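Reader: I am new to reading protein structures. Could you take one part and walk me through it slowly, then show how it sits in the rest?

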Amino acid sequence: LPMPPPPWRVAPYRGRESEMEMLAQLWLPILVAAVLVFVAGFLSWMLLPFHKKEWKKLPDEDAFFADLKNRGIVPGRYMFPSYAGEDCKDPAFLERWKRGPHGTLTLWAKAPNMVRNLALSFVFYLVVGVFVAYLAGIALDPGAEYLKVFQVTGVAAILAYVFGQIPYMIWFQRSFGGFVLAVFDGVVYGLLTAGAFAGFWPAA
């Protein structure tokens with residue numbers, strides 16, 4: 001007797017070539033999703049006030065800048081107190097670690113290029129859309145119901161926009177408010193992506 005298909009294989013497997021064809025058909029929702037997320041990110045970071053509260057101004061910035069230049073600290077990422085494996089047993093380090101302060105410092109080589117950063121962000125949103133489209137092309141058939149497409153692509157996009165950054169926020173201690181805002185932004189981006197794919201999903 002023929003074996004029944006596994007329970008997770010609802011539809012016949014279409015093959016890699018058909019999946020690539022489906023991916024090519026999804027260029028419009030990929031593009032629309034990237035545009036929507038780009039606009040949402042711009043509104044969230046540039047026009048709305050929420051993220052502005054995450055960043056605090058250093059007291060006496062001029063003195064701090066002068067001290068950095070005098071010390072000749074080159075651009076890079078720094079942790080303080082800094083330690084290697086053997087430092088953990090050094091009493092002087094242990095006292096410094098106990099006393100604090102603790103934190104990280106990132107120095108850029110030059111001022112950020114906003115046009116370049118915006119362009120790279122848009123490319124990132126396109127790449128996320130391509131992977132969401134590939135997953136949806138495997139899981140769903142042309143003509144799938146709006147809600148089913150929304151569910152599959154929404155979960156995939158939220159995974160991409162939210163969960164990838166959580167370990168970084170845990171280890172480098174982003175504020176709780178910043179954590180909530182990042183999750184909120186990621187969920188919004190995921191839902192916008194889902195809406196784009198569900199709205200422009202190809203018919204059967």
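Author: Start with one term. A polar contact is a pair of N or O atoms within 3.5 Å; within protein, one of them must be able to donate a hydrogen and the other to accept it. Keep in mind that this is a predicted model.

Now take serine 44. A polar contact of 3.1 Å links its side chain to the side chain of aspartate 185. Where does serine 44 lie? It lies in helix α2, which covers residues 27–47. Is serine 44 buried or exposed? Its relative accessible area is 8%. Buried means under 20%, so serine 44 is buried. Leave out residues up to four places away in sequence, and serine 44 touches His51 and Asp185.

Helix α8 spans residues 176–199. Two packed helices are described by the angle between their axes and the distance between the axes. The axes of α2 and α8 come within 8 Å. They cross at roughly 150 degrees. Angles over 145 degrees count as roughly antiparallel, so α2 is roughly antiparallel to α8. The crossing of these two helices is right-handed.

Which residues make the contact? From α2 come Pro29, Ile30, Val32, Ala33, Leu36, Val37, Ala40, Gly41, Ser44 and Trp45. From α8 come Asp185, Tyr189, Leu192, Thr193, Ala196 and Phe197. By class, the contact of α2 with α8 has 12 nonpolar residues, 3 polar and 1 charged. Both ends of the polar contact you began with, serine 44 and aspartate 185, are on this list.

Next, look at another helix pair. Helix α5 (residues 114–139) and α6 have axes that come within 9 Å. Their crossing angle is roughly 140 degrees. This crossing is right-handed. On the α5 side, the residues are Phe124, Tyr125, Val128, Val132, Leu135, Ala136 and Ala139. They meet Val152, Thr153, Ala156, Ala157, Ala160 and Tyr161 of α6. This contact of α5 with α6 divides into 12 nonpolar residues, 1 polar and no charged ones.

Zoom in on valine 152. It sits in helix α6, residues 146–161. Its neighbours include Ala136, and it also touches Ala139 and Leu140, with residues up to four places away in sequence not counted. Alanine 136 is 16 residues from valine 152 along the chain, yet their C-alpha atoms are separated by 6.6 Å.

Now the loops. Aspartate 60 is found in the loop between α2 and α3. Its phi is near 55 degrees, a positive value in a residue other than glycine. Its relative accessibility is 54%. Exposed means over 50%, so aspartate 60 counts as exposed.

Two prolines follow a cis peptide bond. From phenylalanine 80 to proline 81, omega is near -10 degrees. Proline 81 lies in the loop between β1 (76–80) and α4 (91–99). From glycine 100 to proline 101, omega is about 5 degrees. Proline 101 is in the loop between α4 and β2 (103–107).

Last, step back to the whole chain. The protein has 8 helices and 2 strands. From the N terminus, the order is α-α-α-β-α-β-α-α-α-α. Of its 204 residues, 25% are buried, and serine 44 is a buried residue. Take the contacts with a separation of 6 or more: residues 24 or more positions apart account for 79% of them.

Key
Residues are numbered from 1 along each chain as its sequence is written. This is a predicted model: local features need pLDDT of at least 70, side-chain atom pairs count only at pLDDT 80 or more; totals for chains, interfaces and linings use all residues. Side-chain values use heavy atoms; hydrogens and water are left out. Helices (H or I, at least four residues) and strands (E, at least two) are DSSP runs, numbered from the N terminus. Buried means under 20% relative accessible area, exposed over 50%, partly exposed in between (1.4 Å probe, protein chains only). Contact means heavy atoms within 4.5 Å. Axes are lines fitted to C-alpha atoms, for helices over the stretch in contact, and angles run from 0 to 180 degrees between N-to-C directions. Angles under 35 degrees count as roughly parallel, over 145 as roughly antiparallel, 65 to 115 as roughly perpendicular and the rest as oblique. A crossing is left-handed if the near helix is turned anticlockwise from the far one by less than a right angle, and right-handed if clockwise. Ala, Val, Leu, Ile, Met, Phe, Trp, Tyr, Cys and Pro count as nonpolar, Asp, Glu, Lys and Arg as charged, and the others, Gly among them, as polar.
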